[in-house]
Structure formats: structure tokens, C-alpha cells
Amino acid sequence: MYREFNFEEYKMSKPVSPSVLKRNIKALPREKQRESIERGLRVIPQMLLEETGRTDGHYSQKVVKHLEKVLKVYQSCWTDYLIANHVNKEAV
């Protein structure tokens, strides 16, 4: 009656690459950029801590490397956002 769960059928999709993430953030309107960047800067460090603290045998160095790259993208986008808005406010 019930089918046994098969993990091979339900593989996770690939995460977004850092370059695509940066492009997607830059394509957002200014206020949405800020929201997205602030959320990323809040969530990604927590995800890194959770992944590095795993003891259940599913720890993955690849996941940690990807999260570190994503964090760098968010930090870079935040710097760019601050510079762009500072310059725009002075010009106005």
C-alpha cells in the first residue's frame, strides 16, 4: 500500500552560482536589493554555522565552500549598494 521513500528520486537541485546570484540581486529595484542583501547577511552566516556544526554524518565541505562564496557575494553587493546610495544622495 505505501511505497518506500527513495532518496535517489528526490535529489536536491543545484544551488544558484555566486555570479548568477549577484546578477539577480543587481537586477532588483533599490529597496528590494537592500532587503535581499540584508536577509542574506543575516541568514548565510547562520547556515554556515549550522553546516560546520553538523555531526550527523552529512557534513559537506562543498556546501561550506559554496556558502562562503555566497557570503562574499552578499558582502560585495552590500558594499556596492552603500557606495551607490552615498554617491546618489550627494549628487541630489
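Helices here (H or I, at least four residues) and strands (E, at least two) are DSSP runs, numbered from the N terminus. On that basis the chain has 3 helices and 0 strands, running α-α-α from the N terminus on, and Glu51 is found in helix α2. This is a predicted model, where local features need pLDDT of at least 70, side-chain atom pairs count only at pLDDT 80 or more, and totals for chains, interfaces and linings use all residues. Residues are numbered from 1 along each chain as its sequence is written, and side-chain values use heavy atoms, with hydrogens and water left out.

**Overall picture**

- Buried residues make up 20% of the 92 residues in the chain; buried means under 20% relative accessible area, exposed over 50%, and partly exposed in between (1.4 Å probe, protein chains only).
- Of the contacts with a separation of 6 or more, 64% come from residues 24 or more positions apart, where contact means heavy atoms within 4.5 Å.

**The core**

- The largest nonpolar core has 13 residues, and Leu21, Ile25, Ile44 and Tyr74 touch the most other members.
- Helices α1 (18-26), α2 (30-52) and α3 (61-91) each supply at least two residues of this core, with the largest share, 8 residues, coming from α3.
- A nonpolar core, for the record, is a set of buried Ala, Val, Leu, Ile, Met, Phe, Trp, Tyr and Cys residues joined through side-chain atoms within 4.5 Å.
- Leaving aside residues up to four places away in sequence, Ile44 touches Leu67, Val70, Leu71 and Tyr74.

**Glu51**

- Glu51 counts as buried, because its relative accessibility is 10%.
- Not counting residues up to four places away in sequence, Glu51 touches His58, Tyr59, Ser60, Val63, Val64 and Leu67.

**The aromatic pair**

- There's 1 aromatic pair in the structure: the ring centres of Trp78 and Tyr81 are 5.7 Å apart and the planes sit at 15 degrees, so the pair is stacked.
- The cut-offs: rings of Phe, Tyr and Trp (its six-membered ring) pair if their centres lie within 6.5 Å, and planes under 30 degrees apart count as stacked, over 60 as edge-to-face and the rest as tilted.
- Both residues, Trp78 and Tyr81, lie in α3, 3 residues apart, or about one turn of the helix.
- Trp78 is partly exposed at 22% relative accessible area, whereas Tyr81 is buried at 8%.

**Pockets**

- Pockets are found on a 1 Å grid over the protein atoms alone: a pocket is an open set of points where a 1.4 Å probe fits, with protein on both sides within 12 Å along at least five of seven lines, and lining residues have an atom within 4 Å of a point.
- The largest pocket is lined by 11 residues, with Ser13, Pro15, Lys62, Val63 and His66 nearest its centre.
- That lining divides into 4 nonpolar, 3 polar and 4 charged residues; Ala, Val, Leu, Ile, Met, Phe, Trp, Tyr, Cys and Pro count as nonpolar, Asp, Glu, Lys and Arg as charged, and the others, Gly among them, as polar.
- The lining of the second largest pocket splits into 8 nonpolar, 3 polar and no charged residues, including Leu21, Ile44 and Tyr74.
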